[in-house]
Amino acid sequence: MDLKRKLARLTGVGPGGKPATNRVATLPEPSSEPRAESTPRAEASYPSSVDAHPAEVSHEDVAATPSPSQALMASSGAASALSQTTGAEPVAPKDPRIEALRRMLADWSERQGQTAARRGTIPAKPRPGPLPVVPQETPYGTVHVSETLLSPEHRHGSAPVAGALDVEGDLVARLALHEELAGVDFQRMLFLDTETTGLAGGTGTVPFLVGLAWFEGRSLRVHQLFLRKLGEEAPMLRVLAARMATSSCLVTFNGKSFDWPLLRTRFVLNRVATPPELPHLDLLHCARRVFKHRGAGTRLVHVEEQVLGHRRVDDVDGSLIPELYFRYLRGGDGSALTPVLEHNANDLLLLAALLGELVRKFRAGDGTAVPSGEDPRDLLGFAGVALRAGDLARARAFARAATGGAGTVGVEAHALASRLARMAGESQVAVEHLLQGLASARGLQAATLHLELTKLYEHSLKDLASALRHARLSAAAELPDDHRRRIVRLEGRIDRSTRGRALESGARPPRPGV
Amino acid sequence: MKFEKEEAAFGGPRRTPWNAPRGLDSVLQQWKADKGLGPCFSLDEATPARVGAFAPIPDEVAPQVREALRQRGVEQLFSHQAEAFRLARSGKNLVIATPTASGKSLCYNLPLLDRFAREPQARALYLFPTKALSRDQEESLRAFMREAGLSHGAITFDGDTPADARRAARERGGVLLTNPDMLHTGILPHHASWARLFSNLRYVVIDELHTYRGVFGSHLANVLRRLRRVARFHGSDPVFIAASATIGNPQAHARRMLGCDVELVSESGAPAGERRVMVFNPPVVNAELGIRASYLKTSVRLTADLVRAGVSTLLFGQSRNNIEVMLKYLRDKFVEEKLDPALIQGYRGGYLPGTRRATEAALRAGEVRCVVATNALELGIDIGSLDAVVCAGYPGSVAALMQRFGRAGRRGAGSLALLVTSSAPLDQYLAGDPRFLIGAPVEHARIDPDNVEILVQHLKCASFELPFEEGEPFGDVPPESTAEALGFLAQHEVVHPTAGEGGRRVFHWSSDAYPANHVSLRSVGWDNVVIIERGTDRTLAEMDFRSAHTMLHEQAIYQHEGEQYQVEKFDYENHKAFVRKVAPDYFTDAMTYVRVNVIQEDQSAPMGPELHAGMGEVSVIEKVVGYKKIKYHTHENVGYGDVALPEMQMHTTSLWLTVPESVVRSMNAPRPAVIDALRGVATALRTVACVGLMIDPRDVGKTLGSRDDAEGPPRKDGGVGFDPTIFLYDNVPGGVGLAARLFDQRDELLVRARRLLESCACEEGCPACIGPASGVMPGQAPVDPHPRKRLGLELLSVLGIAGVQ
């Protein structure tokens with residue numbers, strides 16, 4: 001196959017690819033790390049990229065080097081890579097066809113460079129620096145870890161991280177609408193959050209940072225496993241499996257659809273036995289249900305800011321994380337990943353703090369002592385969750401507390417409180433809630449309340465006149481036919497009952513024409 | 001009420017015209033006797049009935065499967081079914097190429113079910129080109145497995161499969177039925193979730209293998225390379241069973257597709273009844289312009305004759321529009337004649353599945369007398385036996401035509417297969433030389449899995465699926481070439497090499513992208529133009545970037561599902577075309593300027609004393625310079641417009657035929673007329689090539705140019721002009737191997753082209769043969785002193801291309 005010639009004439013590699021002019025990034029990078037020989041530098045010895053333009057390469061390398069000391073390091077780095085080249089691959093005899101291929105690739109690169117210039121500037125080459133992880137020997141091989149132990153008093157925003165230890169299983173189960181969590185020992189929970197080489201999923205997406213956190217006493221240990229090199233996942237996965245074996249459940253944010261399926265794939269691909277599934281508390285779904293009336297979205301950062309009052313400074317943009325990692329892999333700056341590790345650690349702290357906060361607030365619904373000062377929107381959210389969990393007393397407490405809310409939240413709270421009162425058989429209370437709600441309800445919302453009222457009056461309180469009065473105001477909340485039928489039925493019933501009463505009292509109904 | 005009255009008018013007993021003939025033979029007699037119709041039949045051949053060759057059910061077949069067969073009344077197999085079972089059971093890859101309705105499904109179902117009976121955890125993968133086909137097979141497989149007492153299940157997995165069924169498919173399904181696109185984007189990139197399927201994969205069945213040719217086939221070959229790689233990772237090495245219609249090269253095609261040795265089963269043991277194969281060429285109504293009577297109306301007329309006589313008939317149309325028109329005409333005719341219009345039903349892709357199932361059932365039960373269908377009914381769907389098949393227009397390949405014809409005469413009785421030719425060049429070629437239809441299969445399916453554009457895209461997908469280790473081949477791509485291409489990808493930073501064990505480089509996917517989503521199996525490259533409807537902002541379709549130049553330039557009429565849209569804006573940079581729905585009385589046809597430069601000559605040979613043929617790599621530069629507005633129905637040219645788009649360059653392979661300048665000057669005609677005639681010969685060559693190569697005319701480009709650079713140094717002999725050269729090239733970047741085959745068949749190609757010119761009924765050239773002289777407007781045929789057709793024939797004679805007796 002005349003592949004070389006054809007490759008040289010290819011017009012691009014498609015999405016994901018970069019123009020080959022960028023290949024300087026794959027060249028030997030100067031390094032201050034002591035582990036230079038084991039870092040993924042071997043690719044730098046790819047012959048055609050190194051030899052194609054020796055002049056251009058050295059020129060760029062020098063030009064991009066600001067200080068003499070770095071220049072010195074650069075040359076030593078290049079030298080070590082060079083020695084590797086000769087060690088790894090015997091020098092191939094010069095094949096004229098290879099030369100021709102290189103020439104063509106070079107031409108092609110030039111053309112690509114022009115296209116790339118149109119698309120936007122190529123980010124500057126990062127400088128090398130130390131990677132914020134240390135190697136750790138484990139029974140499963142060497143892993144690269146960043147570890148911190150937080151004091152029991154540590155707070156994330158307004159919330160103590162250790163608050164997560166004080167949660168009750170049955171409350172969490174109700175909050176998460178997930179029965180299985182009731183029996184879980186939350187002293188042994190495992191917080192999990194990964195940073196990946198992409199969001200696409202599938203077998204080509206790699207979690208390069210597996211952030212774990214667990215409690216030791218009341219101190220939270222943050223243990224981040226970093227993938228220093230593609231293809232070295234097995235030890236990391238085994239450590240994760242071992243940690244999971246001693247844990248009681250997983251706590252994640254969107255882990256049910258993203259992190260865990262991705263990790264499961266990695267276990268299969270690396271031929272490491274997939275650990276048994278643990279009960280899984282995905283706080284994304286909890287947060288969505290509780291905070292849905294806030295309307296600002298339930299992304300993790302929103303929740304963090306609004307619920308915990310924690311604002312991140314210089315947080316790395318999640319969409320840039322894959323690129324930062326790839327740059328590191330291609331010999332870039334290790335310290336450029338520091339913000340990524342911080343970002344991940346923050347997410348783990350947030351998980352713990354958020355769990356503690358959610359349960360603390362939810363617990364307050366016991367009896368009637370819902371603290372004032374809570375956001376009515378969240379109280380309404382909690383009421384909805386409690387209702388779905390079948391915890392009616394708690395739902396009522398939260399709904400009643402939420403009726404203080406302004407505008408639609410208050411109206412919805414009244415509607416919910418009314419519904420709960422009716423379920424408890426307290427029709428009069430239910431009516432009062434609806435009437436109070438009507439005070440500030442408008443449009444469709446009002447019509448819905450009227451509809452509820454008419455049902456209550458007709459079926460529970462047997463007050464047909466009031467039922468008809470509200471029915472006439474509920475047109476917008478029903479299908480036209482249903483509405484007409486309701487009105488006709490109520491009018492008919494009123495008619496019959498007045499006639500019935502008239503007969504009972506002995507008076508004859510007035511007859512027309514008499 | 002008026003409504004009820006009409007109801008009653010149709011509600012009474014149907015009248016059978018007392019004078020209508022009954023049965024197929026009487027209709028045929030009537031046609032032959034008719035003075036108007038009789039002469040138009042350009043072919044009437046009877047293929048004799050064939051007796052079946054049977055074989056006992058092999059002893060190895062598991063008892064419960066044998067029992068299921070017995071319940072179905074199968075006491076013995078056709079010889080080819082037994083042969084297929086023997087080969088598959090011994091672990092050989094095989095391709096079955098027997099005619100339609102010869103029981104191909106059993107050839108692959110039998111070894112599979114037998115395996116299931118012996119190995120409960122075994123799994124299989126079935127690939128079908130269309131969704132409808134996989135649903136159909138799913139049902140029959142399930143029934144078969146139920147009868148054999150196997151609990152494996154069969155699940156169709158495609159874009160329509162609901163989420164919970166997807167989970168079931170991953171966890172439990174014994175047979176997964178899917179299509180190449182789904183395998184490519186939905187299954188392989190998630191293979192870890194499909195570990196149970198891949199680790200127990202025993203059989204991969206590829207039905208309708210002949211449909212995977214050209215670009216699509218080249219893609220599939222690469223998807224299969226990926227499939228085998230993934231299966232190997234999970235520890236399995238499945239047997240491949242392919243089934244193909246009768247084409248000229250089933251074994252070679254399958255070998256190229258699978259990249260390994262494949263056994264061939266081609267001797268059908270199924271019996272067949274006598275079949276009349278006929279070609280009806282509608283009469284010429286305008287001899288000067290070569291215009292013939294409408295083939296649609298003619299087909300309707302002939303079909304009506306058949307249905308009236310109680311002959312169950314299947315009428316195939318080329319497009320959805322066509323079949324709707326024919327359906328309407330047929331029903332109108334029946335209402336006029338007070339016959340029940342419900343006897344005639346339509347069948348095409350857009351109909352709801354329930355409607356289609358009902359039509360299939362009604363057809364099997366004989367409640368429907370005639371179905372008007374698109375190729376949705378062409379492939380394998382079981383509709384029982386029919387007495388006649390009418391094809392309105394040639395479907396583009398003999399294999400497809402034969403598949404449609406194969407619908408007739410299933411029960412082994414006499415049947416009719418009728419082709420009504422349109423005035424399109426290919427149709428007219430067949431009408432002039434219909435022996436193509438009854439001889440041995442001549443068409444060859446061609447693919448080139450090593451087309452570098454396609455290969456590189458699939459290497460990306462493959463490295464997304466599993467890292468590549470240096471020294472690992474990719475299917476039948478040798479390790480050195482694979483490493484070369486991976487190095488190329490590494491330079492572009494889509495893969496990242498790391499040092500693996502033993503110092504070998506391992507290439508890992510290293511990009512935040514999901515490559516399969518960007519690779520369409522139906523086109524080359526990854527560049528697509530999105531077509532957006534203005535007003536609704538709805539995405540109508542996507543089109544590959546190259547076609548967009550001719551189809552989506554501004555002011556072009558873009559046709560989509562029978563609706564017309566005008567392109568209002570073509571955002572070249574961002575690959576978007578904005579269109580708006582219009583109702584024009586014309587469509588547009590882009591005019592392109594094409595220049596071909598030879599980059600490298602791989603093969604060359606003299607042909608006769610003057611002509612010189614060559615084959616090799618070329619660069620094709622194409623520029624859309626304008627467009628014509630063509631009126632619907634009359635096809636008049638009603639206007640022109642300019643287009644300003646950058647030119648496109650493509651590297652591909654081409655065949656070229658160079659005529660020396662001296663020959664041009666020796667002709668007794670002015671140079672421009674000779675050049676024009678040569679251009680016509682190129683048109684004829686392309687027409688002929690399309691029939692022989694089983695390719696869409698769009699996949700072969702043709703142009704007339706110079707063998708050497710037109711802007712190069714002046715000629716050595718001091719003469720004016722250049723050596724005119726006909727180029728026939730693969731209209732696909734990188735080529736899919738068409739040019740090489742054209743080169744191999746160059747002699748036959750020229751002879752056939754000459755025969756096309758000679759046999760065409762037109763006088764001075766028509767679109768069906770050499771093409772009309774350029775610049776001639778319809779209705780004003782000029783008196784040309786040098787008629788194109790005669791000049792073309794003279795040229796061929798001078799070049800030593802003799803006619804065929």
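Student: Which ring does the charged end of A:R394 sit over, and how far is it from the centre?
Tutor: Good place to start, and keep in mind that this is a predicted model. The ring belongs to A:F362. The charged end of A:R394 lies over that ring, and its distance from the ring centre is 5.0 Å.

Student: Where does the charged end of B:R746 sit, and how far from the centre of the ring?
Tutor: Here we move to chain B, where the ring in question is that of B:F743. The charged end of B:R746 sits over this ring, and its distance from the centre is 4.3 Å.

Student: How are the rings of B:F464 and B:Y514 arranged: stacked, tilted or edge-to-face?
Tutor: A search of the whole structure gives 23 aromatic pairs over all chains. In the pair of B:F464 and B:Y514, the ring centres are 5.3 Å apart and the planes stand at 75 degrees. Planes over 60 degrees apart count as edge-to-face, so this pair is edge-to-face.

Student: How many residues apart in sequence are the parts that this pair ties together?
Tutor: B:F464 belongs to helix α17 (residues 452-465) of chain B. B:Y514, in turn, is in the loop between β21 and β22 (528-533) of chain B. The pair therefore ties together parts whose separation in sequence is 50 residues.

Student: Are B:F464 and B:Y514 buried or exposed?
Tutor: Buried means under 20% relative accessible area. B:F464 has 3% relative accessibility, and B:Y514 has 9%. Because B:F464 is under the cut-off and B:Y514 is under it too, B:F464 counts as buried, and B:Y514 counts as buried.

Student: Which residues form an aromatic cluster with A:F208?
Tutor: Let us go back to chain A for this one. A:F208 belongs to one aromatic cluster.

Student: Is A:Q224 buried or exposed, and which residue's backbone oxygen lies 2.8 Å from a polar atom of its side chain?
Tutor: A:Q224 is part of strand β7 (residues 219-226) of chain A. Its relative accessible area is 3%, so A:Q224 is buried. Leaving aside neighbours within four places in sequence, the residues in contact with A:Q224 include A:H144, A:L209 and A:N344.

Student: Which strands stand at the edges of the open sheet of 3 strands in chain B?
Tutor: The order of this sheet is β19-β21-β20, with antiparallel pairing. Each edge strand has a single partner strand, so one side of it is left without a neighbour in the sheet. The edge strands are β19 (468-469) and β20 (495-499).

Student: What is the bridge partner of B:E469 in β21(B)?
Tutor: β19(B) pairs with strand β21 (residues 505-509) of chain B in the antiparallel sense, over 2 bridges. The bridge partner of B:E469 in β21(B) is B:V506.

Student: Is B:G608 buried or exposed?
Tutor: B:G608 lies in the loop between β27 (586-607) and β28 (611-631) of chain B. Its C-alpha is 6.7 Å from that of B:L799, although 191 residues separate them in sequence. With a relative accessible area of 51%, B:G608 is exposed.

Student: How many disulfides does the structure hold?
Tutor: A disulfide is a covalent bond between the sulfur atoms of two cysteines. Among the cysteines, B:C40 is buried at 10% relative accessibility, and B:C370 is buried at 0%. Over all chains, the number of disulfides is 0.

How values were computed
Residues numbered from 1 in each chain as written. Chains lettered and ligands numbered in written order. Predicted model: local features only at pLDDT ≥ 70, side-chain atom pairs only at ≥ 80, totals over all residues. Heavy atoms only, no water. Helix = DSSP H or I, 4+ residues; strand = E, 2+ residues; numbered from the N terminus. Buried < 20%, exposed > 50% of the residue type's maximum accessible area, 1.4 Å probe, protein only. Contact = heavy atoms within 4.5 Å. Pairing = 2+ DSSP bridges. Phe/Tyr/Trp six-rings, centres within 6.5 Å; stacked < 30°, edge-to-face > 60°. Lys NZ or Arg CZ within 6 Å of the ring centre and 35° of its normal. Disulfide = S-S within 2.5 Å.
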